[in-house]
Amino acid sequence: MLITKIISWLRHSIVLALIACTLLVGWLLLKPGREDLPWTPLSLTDPIGMTTRGKIVDLTGQRDQCLALLESSGLEFTPRESFGADQCRVEDAVRTNAGQTLLPLAPASVSPSCPMAIGLLLWQAQVVQPRAQAILGSKVTNIETFGSYSCRRMYARDDGPWSEHATADALDVSGFVLADGRRISVLNDWQGDGDKARFLRAVRDGACDLFSTTLSPDYNAAHADHLHLDLADRGTMSWRACR
Ligand SMILES: [Zn+2]
């Protein structure tokens with residue numbers, strides 16, 4: 001009887017040990033970084049990982065936490081007083097200071113929500129600048145926009161869902177200016193396979209890892225002249241729109 005018990009116990013132990021080894025090998029192979037783990041806080045110095053996009057969206061409504069993170073980036077910016085009403089109420093807009101290089105948005109008056117600014121900071125540091133150097137051999141000195149806040153429903157319709165622009169959780173990017181003076185425009189340079197077109201597609205693709213919605217001229221005629229980036233909250237298992 002005792003022998004049978006011991007054998008059964010050994011069998012269970014071996015199975016458990018095998019499961020533990022498999023999990024350990026899997027973990028070592030995947031080597032998830034903090035950017036891939038859902039329970040770690042968002043860090044602006046980590047690479048963009050599997051959970052980065054969700055963590056940026058989760059900053060919505062967390063004004064103090066978001067502003068503290070933005071502050072830690074070294075970005076020079078001014079938090080704005082709350083404005084708007086109802087669906088168009090904005091509590092967490094920020095205006096980046098003109099002349100700073102971490103997030104050179106134009107016009108200087110554009111003021112996205114704090115979570116958008118976090119996404120844009122990561123986009124510019126880890127996507128826009130590296131791609132500009134690699135493909136165009138220069139640095140981006142200006143990200144040109146059509147603006148962020150606009151109190152309206154999607155496609156300016158009379159009914160239907162409100163646009164993320166209504167809460168400044170969106171930005172329309174129309175082009176880029178390089179340190180060497182060149183200008184890249186979504187409207188004029190999207191088509192073809194030249195360097196400017198390759199750069200624009202690369203920064204569009206990179207935006208898809210950071211924003212809930214990334215729409216480009218590939219999507220429809222309404223986006224022929226800009227990249228629409230937004231932080232729509234689609235729940236925990238959120239899907240992203242990347243077109
Ligand atoms: Zn838009």
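**Domains and overall shape.** I started with the domain bounds, which come from an automatic or database domain assignment. For this chain the assignment gives domain 1 as 1-31 and domain 2 as 39-242. I keep in mind that this is a predicted model. I looked up how far apart the two parts sit: the C-alpha centres of domain 1 and domain 2 are separated by 48 Å.

Next I counted secondary structure and got 6 helices and 9 strands. The radius of gyration of the chain comes out at 22 Å, well over the 18 Å that the globule rule gives for 243 residues, so the chain is more spread out than a compact globule. I also boxed the C-alpha atoms along the principal axes, and they fill roughly 80 × 45 × 35 Å. Of the 243 residues, 32% count as buried. For contacts between residues at least 6 apart in sequence, I find that 58% join residues at least 24 apart.

**The core.** Which residues have the most contacts inside the largest nonpolar core? I get Leu-70, Ala-117, Ile-118 and Ala-207, in a core of 45 residues. The elements that each supply at least two residues of this core are α2 (52-57), α3, α4, β4 (140-147), β5 (170-178), α6 (195-207) and β8 (227-230). The most comes from α4, which gives 11 residues. As background, nonpolar side chains in soluble globular proteins tend to be buried together.

**Helix α3.** I then took α3, residues 63-72, where Cys-66, Leu-69 and Leu-70 are buried. Looking down the axis of α3, I see these buried residues fall within an arc of 100°, so they line one face of the helix. The other side of α3 has Asp-64, Ala-68, Glu-71 and Ser-72, which are exposed. I checked what covers the buried residues, and the cover includes β1 (77-79), β2 (94-96) and α4 (114-136). Just past α3, I noted that Gly-74 has a positive phi of about 90°.

**Pro-115.** This proline has its place in helix α4. Is Pro-115 buried or exposed? It counts as buried, because I find 28 C-beta neighbours inside 10 Å, and 20 or more is the cut-off for buried. Leaving out residues up to four places away in sequence, Pro-115 touches Ile-56, Val-57, Leu-59, Thr-60, Cys-66, Asp-169 and Leu-231.

**Helix α6.** I compared the length of α6 with expectation. At 1.5 Å a residue, its 13 residues should span 18 Å, and its end C-alpha atoms are 18 Å apart, which agrees. Its buried residues are Lys-196, Phe-199, Leu-200, Val-203, Arg-204 and Ala-207. Down the axis of α6 they fall within an arc of 135°, so they line one face of the helix. I find them packed against α4, β6 (183-185), α5 (186-189), β7 (213-215) and β8. For Ala-207 I listed the contacts, not counting residues up to four places away in sequence: Trp-123, Val-127, Thr-214, Leu-227 and Leu-229.

Which peptide bond is cis? I find the one from Ala-106 to Pro-107, with omega near 0°. Pro-107 lies in the loop between β3 (105-106) and α4.

I also noted positive phi values in residues other than glycine. Asp-86 has phi near 50°, and its place is the loop between β1 and β2. Asp-86 is exposed, with 8 other C-beta atoms within 10 Å. Ala-168 has a positive phi of about 65°, though not a glycine, and lies in the loop between β4 and β5. I counted 31 other C-beta atoms within 10 Å of Ala-168, so this residue is buried.

Key:
Residues numbered from 1 in each chain as written. Predicted model: local features only at pLDDT ≥ 70, side-chain atom pairs only at ≥ 80, totals over all residues. Buried ≥ 20, exposed ≤ 12 C-beta atoms within 10 Å, placed from the backbone. Helix = DSSP H or I, 4+ residues; strand = E, 2+ residues; numbered from the N terminus. Arc of directions from axis to C-beta. Contact = placed C-beta atoms within 7 Å. Rg over C-alpha atoms; globule rule 2.2 N^0.38 Å. Core = buried A, V, L, I, M, F, W, Y, C linked by C-beta atoms within 7 Å. Expected span 1.5 Å × (residues − 1).
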